[in-house]
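Open the model in your viewer and colour it by secondary structure. The tour below goes from one selection to the next.

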Amino acid sequence: MAIKSRNKVEPSFSMSSLTDIIFLLLIFFMLTSTLVSPNALNLVLPSSNTQSLAPQSISVEINKSLEYAVDGKKVPLSQVRNLVNKKVGTLDDPTVVLSADKSVPIENVVEIMNIANDLQIKLILATKPK
């Protein structure tokens, strides 16, 4: 008489627990990828509690309508370099204080920064108090 056992172990693998883990990982990566936006550049203009005073400075201003002013006189962008260069000759330790409106595109601010860099002048970006 042959006795057969009914408790046979079947070699199978249940994928249900693995699919749950994969779905959780998928949800995690989808949520974290929406928080990271590599192509967006959000610039917030600085505000500061401290003040740094430049004793001998040249004031350059850019308003909303992209009009430039050097020490209160409105000038076109093409003349900003010449006026700043003239005023640098009269000062011992010149510093350019750049006051730009919050809505001015960053390209216009960088143009003034490049002028100061070319003339090897220190530049301070004016901020509003907090």
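Start with α3, which lies across β2, β3, β5 and β6 and runs at about 160° to β2. Lying across rests on contact, meaning heavy atoms within 4.5 Å. Axes are lines fitted to C-alpha atoms, for helices over the stretch in contact, and angles run from 0 to 180 degrees between N-to-C directions. Helices (H or I, at least four residues) and strands (E, at least two) are DSSP runs, numbered from the N terminus.

A note on the source: this is a predicted model, in which local features need pLDDT of at least 70 and side-chain atom pairs count only at pLDDT 80 or more, while totals for chains, interfaces and linings use all residues. Residues are numbered from 1 along each chain as its sequence is written, and side-chain values use heavy atoms, with hydrogens and water left out.

Next, select α2. This helix lies across β2 (57-62), β3, β4 and β5 (95-100), at about 15° to β3.

Now show the two helices together, residues 77-90 for α2 and 106-118 for α3. Their axes come within 10 Å and cross at roughly 30°. α2 and α3 are therefore roughly parallel to each other (angles under 35 degrees count as roughly parallel, over 145 as roughly antiparallel, 65 to 115 as roughly perpendicular and the rest as oblique). To see the contact, display the side chains of Leu77, Val80 and Arg81 on α2, and of Glu111, Ile112, Ile115 and Asp118 on α3. By class, the contact of α2 with α3 has four nonpolar residues, three charged ones and no polar ones. Here Ala, Val, Leu, Ile, Met, Phe, Trp, Tyr, Cys and Pro count as nonpolar, Asp, Glu, Lys and Arg as charged, and the others, Gly among them, as polar.

Hide the helices and turn to the sheet. Five strands form an open sheet in the order β4-β3-β2-β5-β6, with mixed pairing; two strands pair if DSSP finds at least two bridges between them. β4 (73-75) and β6 (122-125) stand at the edges with a single partner strand each, so one side of each is left without a neighbour in the sheet. Neighbouring strands are turned by 30° against each other on average, direction ignored.

β3 (residues 68-70) and β4 run antiparallel and are joined by three bridges. Ala69 stands opposite Lys74 in β4.

Finally, show the whole protein chain, which has three helices and seven strands. From the N terminus on, the elements run α-β-β-β-β-α-β-α-β-β.
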